[in-house]
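Open the model in your viewer and keep the selection tool at hand. The stops below go from the whole chain to single residues.

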Amino acid sequence: LKDKNDADVATILQSLGEAHYKQGTLDEAKSFFNEALTIRNSILDDYTDDSSVKSRDSLDEKRENAIKEVVATLSSIAILWEVKRDYQEALKIHTQALRVMNKAKKRDSD
């Protein structure tokens, strides 16, 4: 599984994206959000695929948190596209966030 530092780096990148968003430097915000998303997707993939974790409850909790982080980052990116008035791209990203949530629910019910 990814190191806690990876999650911390993703959180910092997300915060930097939010700061740039608030300043109106949207391209920089998008760059930081995308970097955070890459890390968070990687963490989620590791929690989804890892069978080496001894506690199933611990894995489920970590996976659920990873899903929430991915969805939060996707939502930030979608809102950024809305501000840029690129509603098609915003819809695409919101739909992607919904797919992540639905995929997680489907997997949980299996």
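**Whole chain**

Of the 110 residues in the chain, 30% are buried (under 20% relative accessible area, with exposed over 50% and partly exposed in between; 1.4 Å probe, protein chains only). This is a predicted model, in which local features need pLDDT of at least 70 and side-chain atom pairs count only at pLDDT 80 or more, while totals for chains, interfaces and linings use all residues. Residues are numbered from 1 along each chain as its sequence is written, and side-chain values use heavy atoms, leaving out hydrogens and water.

Colour by secondary structure: the chain has four helices and zero strands (DSSP runs, H or I of at least four residues for helices and E of at least two for strands, numbered from the N terminus).

**The core**

Next, select Leu44, Ile67, Val70, Leu74, Ile77, Ile93 and Val100, which touch the most other members of the 21-residue largest nonpolar core (buried Ala, Val, Leu, Ile, Met, Phe, Trp, Tyr and Cys residues joined through side-chain atoms within 4.5 Å). Two or more residues each come from α2 (26–49), α3 (56–83) and α4 (87–109). The largest share, nine residues, is from α3.

Leaving aside residues up to four places away in sequence, Leu74 touches Leu37, Ile93, Gln96, Ala97 and Val100 (contact means heavy atoms within 4.5 Å).

**Ala7**

Finally, go to helix α1 (residues 4–23) and pick Ala7. Is Ala7 buried or partly exposed? Its relative accessibility is 31%, so Ala7 counts as partly exposed.
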